[in-house]
Structures are given as structure tokens and as C-alpha cells.
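Subject: Handover of a structure, with findings

Dear colleague,

Please find below the structure that I am handing over to you. My notes on what was found in it follow directly after.

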Amino acid sequence: EMLLALPPLDPLVEIEAAAWARELQACVLSLDRNPVSFGFLSQAFLRLAVLLQCDEEIQRRARENVDLRVMADFLDQILKRNAQGWPSNAADAGHAAAQLLASAAKRQRGEAAQPDSDEDVFVSL
């Protein structure tokens, strides 16, 4: 319900770090349900991709509001529990989103991430 209540994202509009953190948390937490429709999964993974395309400075400033490593681990747990019951393309999108979130977590902590590999994952998502 949290995800459905959020307004559509406009990637061209500046978003503050705290709002970005709330959006990302709502997106990931909304996936922790079973059963879930393919349409809902598609919306959630696309929303997550849009959020992760936001400026890296916003993501770093959001560290006090959300730890992306915790969110990445939580998404991995959701995928382990539920992805086998999802359509294969939704499970693939979930794994791609998890990769993007793990890369963002590295960048948030100041670790080296491979941005060119992120582009390939965005394309596959």
C-alpha cells in the first residue's frame, strides 16, 4: 500500500535526501509480501531504478536516514524468500535491482563501484 500511495517520480525534479530515503525504503519494504502481482513488481522495480539514478550526492547525504547496505541486504532476503514464486522476468528484474542497490550502497559508503556495469544493469532492468 505504501508504494501505491506515493506519487509518480519525476527524475528531473530535485529531491531532498530525507525524502529520497523515505521513497527508497517504501519501495523496498513494499516488496516484502506474498503473493504480489506482476504489475506491482514492475512498478516497484522501475521506481527503485529511478530512485537509484538520482544524484549521488543526494544518496550520500541520505546516509543518516537510510543505510543502503541494509536495504540491499533486505532486498536480497526478499528475493531469496519470494522470487521463485514470481514470473521469471520479474525475478530477473528483482536481481538487477538488487545489483543496483548494492552498487549504490558501495558508493554511499565511499567505496569504489563500477558505474559502467550499472549502466548494463539499468538496460537489463
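In which handedness of crossing does α2 pass α5? The crossing of α2 past α5 is left-handed; a crossing bears this name if the near helix is turned anticlockwise from the far one by less than a right angle, and is right-handed if clockwise.

Before the details, some conventions are needed. The model is predicted, with local features requiring pLDDT of at least 70 and side-chain atom pairs counting only at pLDDT 80 or more, while totals for chains, interfaces and linings use all residues. Residues are numbered from 1 along each chain as its sequence is written, and side-chain values use heavy atoms, leaving out hydrogens and water.

**Overall organisation**

The protein has seven helices and zero strands. Helices (H or I, at least four residues) and strands (E, at least two) are DSSP runs, numbered from the N terminus. Of the 125 residues in the protein, 44% are buried, where buried means under 20% relative accessible area, exposed means over 50%, and partly exposed lies in between (1.4 Å probe, protein chains only). Among contacts between residues at least 6 apart in sequence, 76% join residues at least 24 apart; contact means heavy atoms within 4.5 Å.

**Helices α2 and α5**

Two packed helices are described by the angle between their axes and the distance between the axes. The axes of α2 (residues 17-29) and α5 (residues 68-82) come within 10 Å and cross at roughly 15 degrees. Axes are lines fitted to C-alpha atoms, for helices over the stretch in contact, and angles run from 0 to 180 degrees between N-to-C directions. The helices α2 and α5 are therefore roughly parallel to each other. Angles under 35 degrees count as roughly parallel, over 145 as roughly antiparallel, 65 to 115 as roughly perpendicular and the rest as oblique.

On the α2 side, W20, L24, Q25, V28 and L29 take part, and they meet L68, M71, F74, L75 and I78 in α5. The residues of this contact of α2 with α5 comprise nine nonpolar, one polar and no charged. Here Ala, Val, Leu, Ile, Met, Phe, Trp, Tyr, Cys and Pro count as nonpolar, Asp, Glu, Lys and Arg as charged, and the others, Gly among them, as polar.

**Helices α2 and α3**

The axes of α2 and α3 come within 9 Å and cross at roughly 155 degrees. That makes α2 roughly antiparallel to α3. This crossing of α2 and α3 is left-handed. From α2, the residues W20, E23, L24, C27 and V28 meet A44, R47, L48, L51 and L52 in α3. By class, the contact of α2 with α3 has eight nonpolar, no polar and two charged residues.

The loop between α2 and α3 contains P35. The peptide bond leading from N34 to P35 is cis, with omega near 0 degrees.

**Helices α3 and α6**

The helices α3 and α6 pack at an angle of about 20 degrees, with their axes 10 Å apart. They are therefore roughly parallel to each other, and the crossing of α3 and α6 is left-handed. F38, L41, F45, L48 and L52 in α3 meet residues of α6 including A90, G94, A97 and L101.

Which residues does A90 touch, not counting residues up to four places away in sequence? A90, in helix α6, touches F38, L41 and F45 on that basis. At 3% relative accessibility, A90 counts as buried.

**The nonpolar core**

A nonpolar core is a set of buried Ala, Val, Leu, Ile, Met, Phe, Trp, Tyr and Cys residues joined through side-chain atoms within 4.5 Å. The largest such core has 38 residues, of which W20, L24, L75, W86 and L101 touch the most other members. Each of α2, α3 (38-52), α5 and α6 (88-108) supplies at least two residues of this core. Its largest share, nine residues, comes from α6.

Leaving aside neighbours within four places in sequence, L75 is in contact with V28, L31, L48, G94, A97, A98 and L101. L48 is found in α3 and, at 0% relative accessibility, counts as buried. The C-alpha atoms of L48 and L24 are separated by 6.6 Å, although these residues are 24 apart along the chain.

Yours sincerely
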